[in-house]
Amino acid sequence: MYITTSTVVVAPDRSCLVVDPGVTAHEIDLLSSSIRVHGWRPVAVWSTHGHWDHLLDGGMFTGLPRWSGGWPVDVETLMTERDEDDELARVLLASHGDSPAPVVVPPPVRYPSKDGWLDWDGPLVRVVEHAAHAPGSTSLVVPSADALVAGDVLSDIEIPLLDLSAPDPVGTYRAALDLLAGTASLVVPGHGHVGPLSPRVAADRAYLDGSFAGDARLLDPWLAAVHEAQRAVLAG
Ligand SMILES: [Zn+2]
């Protein structure tokens with residue numbers, strides 16, 4: 001669903017951190033089975049930001065600690081947004097029996113940290129806090145994998161989706177790109193495909209600078225519509 005990327009950061013003892021675990025109940029079940037097959041043991045689930053499709057529960061993840069940047073979340077609003085999502089409804093209708101994953105209750109808490117790093121027993125994870133796409137967004141730098149688990153930024157399929165509630169959405173997004181550039185060789189976006197980080201940073205900077213022509217991401221009708229809504233902000 002939405003070409004969602006779920007990431008599992010695994011420690012040598014097979015304990016693991018699951019980042020943004022999926023959208024439909026079937027996806028969560030598949031991810032749970034895959035983790036079981038590998039013998040990995042989730043110790044927590046990470047939500048990169050507070051949009052409903054990153055706050056879903058179920059399968060083996062039910063009851064695990066939920067970590068995030070620690071933003072306030074209104075569960076009722078999230079459930080309404082999930083249930084009113086036309087694309088999700090369309091996919092579920094076509095899937096014969098799949099259902100939306102439940103929204104996590106209670107909402108995530110702020111992650112444990114020590115000296116600027118995630119305080120857990122797994123591989124080193126540095127949390128980069130920014131507000132590019134939503135207030136309190138987080139991206140995870142995993143040096144041992146030379147990878148940035150980005151959340152909903154730096155996608156090959158999505159243009160920069162601005163937080164239009166921010167006082168300066170474009171400046172805020174640019175500041176986030178400055179923080180994230182050069183943190184790793186590879187990027188794992190919340191939606192899209194794994195790829196080299198630096199061309200993604202360049203593409204998103206170009207978009208923010210108003211270079212839209214030839215941006216293949218705008219061929220998607222939904223993103224073209226979002227782009228039109230963002231244009232006034234970008235022009236300003
Ligand atoms: Zn999002």
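The largest nonpolar core holds 26 residues, of which Leu 148, Val 153, Leu 154, Tyr 173, Leu 208 and Leu 234 touch the most other members. Such a core is a set of buried Ala, Val, Leu, Ile, Met, Phe, Trp, Tyr and Cys residues joined through side-chain atoms within 4.5 Å; buried means under 20% relative accessible area, exposed over 50%, and partly exposed in between (1.4 Å probe, protein chains only). At least two residues of this core come from each of β10 (147–151), α4 (169–180), α5 (197–208) and α6 (221–235), and α4 gives the most, with five. Helices (H or I, at least four residues) and strands (E, at least two) are DSSP runs, numbered from the N terminus. Another core, of 21 residues, lies apart from this one and includes Val 45, Phe 61, Trp 71 and Val 103.

The model is predicted: local features need pLDDT of at least 70 and side-chain atom pairs pLDDT 80 or more, while totals for chains, interfaces and linings use all residues. Residues are numbered from 1 along each chain as its sequence is written, and side-chain values use heavy atoms, without hydrogens and water.

His 49 counts as buried because its relative accessibility is 1%, whereas His 51, at 30%, counts as partly exposed.
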